[in-house]
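Reader: Hi! Could you walk me through this model?

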Amino acid sequence: ALLTTIALELPLLMMIAGGSPAICQQIGSQRYHLLLGFLPLTCALSGSVGLQTCSLTTEAVSFSQVAPESFLDWFRGEAGTTACLGAAMGIVVAFIALLASCFDVIFAAAIYVAQILSIIAASATGAITPLLLGALLKKDAKRWNGLVVTALQDLVGCFAVVVVSYQMLVHLEKGEVNDACR
């Protein structure tokens, strides 16, 4: 399971390591380093949400509270909770980003959007995986949930932070980058 996780995480390493100079030159050294600093925080928060949703859904599936026929109703409830949680955590993390970036509103907004997207994706993965593995494929959901949810969340969370934030920073910033990358 751990080797599978490493194999799934290698593209993240390549994306960050291979594209670092270009990203840094586009958004500036200060924002680049802050962006990489927020990566583990954003992924950790999202990962917690994904695993909690996964645990709740696994339990609900095992006690027949959720079945393929009732999954959409279950998912709607989880989506509403996730939207509120994502917005709240997005505000907290964006406020920290605002302070850390010396009141760079665009950077804080990019982190806010990345955090919300990452939490929503984590919750969706956490809700779908137990139903797919346990109820539909008849696999031991408890055995595979953690691996699947963690690996997918890391991929999506990293994508949200690096790619979405980068795109927002590049397209919303109208001025020139003030700090050079080395």
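Author: Happy to; we can go through confidence, helix packing and aromatic pairs. This is a predicted model, where local features need pLDDT of at least 70 and side-chain atom pairs count only at pLDDT 80 or more, while totals for chains, interfaces and linings use all residues. Residues are numbered from 1 along each chain as its sequence is written, and side-chain values use heavy atoms, leaving out hydrogens and water.

Reader: What pLDDT does the protein average?

Author: The average is 84, and 93% of the residues score at least 70 (pLDDT is the predictor's confidence in each residue, from 0 to 100).

Reader: Which element has the lowest mean?

Author: Helix α1 (residues 2–27), at 75, whereas α3 has the highest, 94. Helices here are DSSP runs (H or I, at least four residues), numbered from the N terminus.

Reader: Nice. At what angle do α2 and α3 pack?

Author: Helix α2 (residues 29–62) and helix α3 (residues 71–100) pack at about 155°, with axes 11 Å apart. That makes α2 roughly antiparallel to α3 (angles over 145 degrees count as such).

Reader: Which residues make the contact?

Author: Among them are Leu34, Phe38 and Leu41 of α2 and Trp74, Leu85 and Met89 of α3; contact means heavy atoms within 4.5 Å.

Reader: Switching topic: how many aromatic pairs are there?

Author: The structure holds 2 (ring centres within 6.5 Å). Phe38 and Phe107 form one that is edge-to-face, with 5.9 Å between centres and 65° between planes (over 60 degrees counts as edge-to-face).

Reader: Where do those two sit?

Author: Phe38 is in helix α2 and Phe107 in helix α4 (residues 105–136), 69 residues apart, so the pair links distant parts of the chain.

Notes
Axes fitted to C-alpha atoms, helices over the stretch in contact; angles between N-to-C directions. Parallel < 35°, antiparallel > 145°, perpendicular 65-115°, else oblique. Phe/Tyr/Trp six-rings, centres within 6.5 Å; stacked < 30°, edge-to-face > 60°.
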